[in-house]
Amino acid sequence: MRVIDLENINYNMRNETQFVLRCEEVYHDKISAAVGTILSSRKPFVALTGPSGSGKTTTAMRLREYLENLGVQVNVLSMDNFFLPLDQRPPEASDWESPYCVNIDLLVSTLHRLADGEEVDVPWYDFKTGMTGGYNKVQGHKGGIILAEGIHMLNPLIFDKIRDEAHGVYVAPRTRIITNDDKIVRPEQLRVARRMIRDYYTRGHSLRDTVMRAESVDRGEVQYIQPNKKNASIHIDTFHDYEPCLLAKAFAELPAFREELDDAFVEEHGLTDLMKVVRGVEPLRTPYVPRNSLIREFVGGSVFEY
């Protein structure tokens with residue numbers, strides 16, 4: 001497991017533009033290596049998963065971008081659009097984190113039909129109504145790649161149906177941060193920070209709401225996602241070394257930051273060491289954060305639509 005300390009981050013911030021671009025090159029190399037593995041096998045499916053706040057969607061978009069630049073035709077599917085309507089879910093679908101919420105047969109059928117070059121009606125899910133909102137026509141391509149992302153794509157209920165034809169990709173920040181007093185900030189704490197900022201701007205959630213929601217989401221990850229990491233042949237660490245500095249800048253710009261994340265609340269929810277990192281790094285000032293950076297999935301300004 002990789003670790004980095006605050007002293008190292010602040011040292012590199014002496015030339016922050018160079019720091020950002022170097023980190024982005026490292027992530028680009030991870031995408032390049034993943035594409036090399038995917039293309040070497042000629043398997044038609046890429047099943048990509050990771051916990052909430054891991055950067056799944058941007059990683060999928062970056063993989064698509066790279067593959068298309070090589071002349072490969074790519075379809076991207078989001079597992080979320082294959083959720084069953086609320087009134088059709090079986091008793092096993094006890095919560096939103098359950099794989100039984102997914103219309104597995106339709107998802108697998110859609111994957112195979114796209115691989116056969118058919119035109120397919122792909123559903124989109126309306127989370128406000130809890131129903132399938134409609135369908136979009138998508139043209140498949142023989143010899144192309146279908147990249148399917150979602151939290152259950154490596155679950156045996158889905159993955160076993162495509163295992164021989166698919167690469168499993170597991171995406172998550174895995175780097176630990178060491179504070180100046182030798183405390184460890186774990187990746188799940190970093191993911192909470194990402195989601196606090198993203199959900200404040202895009203979903204209207206308060207910072208406290210996101211922290212409290214994270215606790216139930218984390219339980220679902222332990223039950224449904226982490227046990228299936230073994231099905232991945234490709235693992236991508238989505239941590240960027242300059243990321244704490246960009247998160248520090250984003251938090252400082254949130255009007256509710258100090259009011260909502262007071263010391264008592266932070267300590268109660270196990271985020272004290274995370275806040276030491278946020279307050280212990282130089283906020284990023286450079287505007288030269290690429291528009292396709294994974295970190296923009298959480299702080300805004302991305303070229304990708306989420």
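## Helices, strands and the model

Helices and strands here are DSSP runs, numbered from the N terminus: a helix is H or I with at least four residues, a strand is E with at least two. This is a predicted model, in which local features need pLDDT of at least 70 and side-chain atom pairs count only at pLDDT 80 or more, while totals for chains, interfaces and linings use all residues. Residues are numbered from 1 along each chain as its sequence is written, and side-chain values use heavy atoms, leaving out hydrogens and water.

## Helix α6

Let's start with α6, which runs over residues 187-202. The expected span of a helix is 1.5 Å times one less than its number of residues. For the 16 residues of α6 that gives 22 Å, and the end C-alpha atoms are 22 Å apart, so the two agree. After α6 comes Gly204, with a positive phi near 70°.

Is α6 mostly enclosed or open? Twelve of its 16 residues are buried, so α6 is largely enclosed by the rest of the structure. (Buried means under 20% relative accessible area, exposed over 50%, and partly exposed in between, using a 1.4 Å probe and protein chains only.) Among the buried residues are Pro187, Leu190, Ala193 and Ile197. The cover over them includes β8 (176-178), β9 (184-185), α7 (207-225), α8 (243-252), α11 (272-280) and α12 (296-299), where contact means heavy atoms within 4.5 Å.

## A cavity and a pocket

Both kinds of space are found on a 1 Å grid over the protein atoms alone: a cavity is a set of points where a 1.4 Å probe fits but cannot get out, a pocket is an open set with protein on both sides within 12 Å along at least five of seven lines, and lining residues have an atom within 4 Å of a point. Grid points are joined across faces, edges and corners, and a volume is the space filled by probe spheres set on the points.

There is one cavity of 30 Å³ or more. The largest cavity holds about 30 Å³ of space, and its lining is made of Ile177, Leu190, Ala193, Pro244, Leu247, Leu274, Val277 and Val278. Two or more of the lining residues come from each of α6, α8 and α11; α11 gives the largest share, three residues.

Of its 15 lining residues, the closest to its centre are Pro187, Glu188, Arg191, Gln226 and Lys229.

## Aromatic rings together

The structure holds eight aromatic pairs. Rings of Phe, Tyr and Trp (its six-membered ring) pair if their centres lie within 6.5 Å; planes under 30 degrees apart count as stacked, over 60 as edge-to-face and the rest as tilted. Trp96 and Phe127 have ring centres 5.9 Å apart and planes at 35°, so their pair is tilted. These two residues are 31 residues apart in the chain, and their pair links distant parts of it.

Phe127 is partly exposed, at 46% relative accessible area. Tyr125 and Phe127 form an edge-to-face pair, because their planes stand at 75°, with centres 5.0 Å apart. Tyr125 is buried, at 5%. Ring pairs link Phe83, Trp96, Tyr125 and Phe127 into a cluster.

Arg42 is not a glycine, yet has a positive phi of about 65°. Arg42 lies in the loop between α2 (16-41) and β2 (45-49) and is exposed, at 78% relative accessibility. Asp182, in the loop between β8 and β9, also has a positive phi, near 65°, and is exposed at 63%.
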